[in-house]
Amino acid sequence: MLLTLGLLISFFSFLYMIAPSIRKFFAGGICRTSVQLPGKVVVVTGANTGIGKETARELARRGARVYIACRDVLKGESAASEIRADTKNSQVLVRKLDLSDTKSIRAFAEGFLAEEKQLHLLINNAGVMMCPYSKTTDGFETHIGVNHLGTGVTTYSVHPGIVSSELVRHSFILCLLWRLFSLFLKSAQEGTQTTLHCALAEDLEPQSGKYFSDCKKSWVCPRARNNKTAERLWTVSCDLLGIHW
């Protein structure tokens with residue numbers, strides 16, 4: 001028993017010693033474009049924390065006018081203040097957006113159109129995971145209502161990897177695992193690299209609608225590439241939201 005315990009302690013000690021090297025290995029791709037964004041207008045949803053916050057920071061650093069669109073305006077203002085100080089870009093603004101409420105979404109869109117003539121980049125970052133069963137203001141199950149119906153259709157779909165963020169806050173077990181293995185998880189800055197790559201790389205237009213991971217196009221199962229399924233999802237989603245084209 002003591003021998004087994006000693007071996008386990010030795011194993012985990014060794015594992016934590018080499019953790020930085022392992023984390024570096026799994027950190028994934030890096031957005032290498034040097035594109036600057038003066039005069040460009042950007043909206044990043046859920047940018048008051050985590051990957052969204054780091055995405056907003058980098059886009060602000062490149063000179064963009066960045067709108068942080070989030071449900072908690074106070075947290076948004078705190079993030080914006082930090083980003084403005086860090087990037088010396090005063091054009092980091094906060095607007096209220098609750099993706100679980102279609103009235104809030106429409107109000108945000110109307111307010112934005114009143115302020116800006118163009119939108120150059122939309123980063124649909126906000127989302128929820130493993131929430132206790134609940135419904136949105138409009139009566140949709142929360143995950144479907146926020147992650148799909150609230151966010152809408154994206155140009156690119158990206159997987160940031162396993163990132164240390166607040167996304168797992170609704171699961172005690174995952175929070176525990178995230179803390180236990182925090183040394184092996186991507187940081188929020190590492191997690192935003194694929195998002196930045198898809199937003200900024202100049203040669204990706206022919207690959208619109210593809211799935212990206214670690215800054216490169218990734219494989220998806222045949223069912224996810226089925227056009228008939230996609231058309232049905234689009235039709236059902238529009239019907240649920242009362243949208244008629």
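**Rings and helices: questions about the labels**

Me: Why does Phe 112 count as buried?
Reply: Its relative accessibility is 8%. Buried means under 20% relative accessible area (exposed is over 50%, partly exposed in between, with a 1.4 Å probe and protein chains only). So Phe 112 counts as buried. This is a predicted model, where local features need pLDDT of at least 70, side-chain atom pairs count only at pLDDT 80 or more, and totals for chains, interfaces and linings use all residues. Residues are numbered from 1 along each chain as its sequence is written, and side-chain values use heavy atoms, without hydrogens and water.

Me: Why does Tyr 67 count as buried?
Reply: Tyr 67 has 1% relative accessibility, so Tyr 67 counts as buried.

Me: What makes Tyr 67 and Phe 112 an edge-to-face pair?
Reply: Rings of Phe, Tyr and Trp (its six-membered ring) pair if their centres lie within 6.5 Å; planes under 30 degrees apart are stacked, over 60 edge-to-face, the rest tilted. Here the centres are 5.3 Å apart and the planes stand at 75°, so the pair is edge-to-face. Tyr 67 sits in strand E2 (residues 65–70) and Phe 112 in helix H5 (residues 102–115), so the pair ties together parts 45 residues apart in sequence. Helices (H or I, at least four residues) and strands (E, at least two) are DSSP runs, numbered from the N terminus.

Me: Why is the pair of Phe 108 and Phe 112 called stacked?
Reply: The ring centres of Phe 108 and Phe 112 are 6.4 Å apart and their planes are at 25°, so the pair is stacked. In helix H5, Phe 108 and Phe 112 are four residues apart, which means about one helical turn. Tyr 67, Phe 108 and Phe 112 form one aromatic cluster.
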